[in-house]
Amino acid sequence: MAVTVTPVEFTFVQFDAAVIRAAVEELLDRLGMADRDIQLEVDESSPIARVQVEAGDPLVVVAESGAFEDTRKPRQLSALAVATACGRMLLRTRDRETSFSDAPGDDALTLPQVAAWDAYSIGRLGRLGYEVNRQRWLYNFRNRHGFTDAGDRTFEALWTADGLSWAELSAASDAALSARQTA
């Protein structure tokens, strides 16, 4: 596994490329993806918290620096934020390579589908030992699926699940949306 981070030296934010590289290497190991090469490009000029992965060899991860910031210390790096942001996208990549081959491209996903996939991914990261803010992701899920008991049950099912297919995740999201409309 080779993880390269650009830029090597940051000027707008107080990030350390070596810390980012180490966090991603540990993440790849925990995800069982240690055989993958990653080219991580950080746009340090943007406070937006967006991360995207381009499939290939190596995987190209493009992150805006807001995704890696410590939420309590602007412009400061959080290794946990690196693991969480990259982990969501790497799990999405791994899912697409296995049981999610029929999932639409990222640009075609609906906001509820993204929220459902995030709940599924972050729950798995939590079980791998990463500190995750369950309430943050529950709130995100509720914003997209409604504040209903059925939606909360769906979130819990996704949060604790392993080995879902795209059809199962999509159906769960659709069911939560239907419950919102009948509530």
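Me: At what angle do helix 5 and helix 6 pack?

Reply: The model is a predicted one. Helix 5 covers residues 149–159 and helix 6 covers residues 166–182. Their axes lie 8 Å apart, and the angle is about 165°.

Me: Which is the relation of helix 5 to helix 6, roughly parallel or roughly antiparallel?

Reply: Angles over 145 degrees count as roughly antiparallel. The angle for this pair is about 165°. Helix 5 and helix 6 are therefore roughly antiparallel.

Me: What is the hand of the crossing of helix 5 and helix 6, and how many charged residues are in their contact?

Reply: The crossing of the two helices is left-handed. Helix 5 contributes Ala-150, Gly-151, Thr-154 and Leu-158 to the contact, and helix 6 contributes Leu-169, Ala-172, Ala-176 and Ala-179. By class these are six nonpolar and two polar residues, and the number of charged residues is none.

Me: Which residues are closest to the centre of the largest pocket?

Reply: The largest pocket holds about 1,200 Å³ of space. It is lined by 34 residues. By class, the lining has 14 nonpolar, seven polar and 13 charged residues. Closest to the centre are Ala-49, Thr-84, Arg-88, Arg-136 and Trp-137.

Me: Which element gives the most to the lining of the largest pocket?

Reply: The elements that give two or more residues to this lining are strand 3 (51–54), strand 5 (69–70), helix 2 (79–97), helix 3 (111–127) and helix 4 (134–145). The top contribution is seven residues, and it comes from helix 2.

Note on methods: Residues are numbered from 1 along each chain as its sequence is written. This is a predicted model: local features need pLDDT of at least 70, side-chain atom pairs count only at pLDDT 80 or more; totals for chains, interfaces and linings use all residues. Side-chain values use heavy atoms; hydrogens and water are left out. On a 1 Å grid over the protein atoms alone, a cavity is a set of points where a 1.4 Å probe fits but cannot get out, and a pocket is an open set with protein on both sides within 12 Å along at least five of seven lines; lining residues have an atom within 4 Å of a point. Grid points are joined across faces, edges and corners, and a volume is the space filled by probe spheres set on the points. Helices (H or I, at least four residues) and strands (E, at least two) are DSSP runs, numbered from the N terminus. Ala, Val, Leu, Ile, Met, Phe, Trp, Tyr, Cys and Pro count as nonpolar, Asp, Glu, Lys and Arg as charged, and the others, Gly among them, as polar. Axes are lines fitted to C-alpha atoms, for helices over the stretch in contact, and angles run from 0 to 180 degrees between N-to-C directions. Angles under 35 degrees count as roughly parallel, over 145 as roughly antiparallel, 65 to 115 as roughly perpendicular and the rest as oblique. A crossing is left-handed if the near helix is turned anticlockwise from the far one by less than a right angle, and right-handed if clockwise. Contact means heavy atoms within 4.5 Å.
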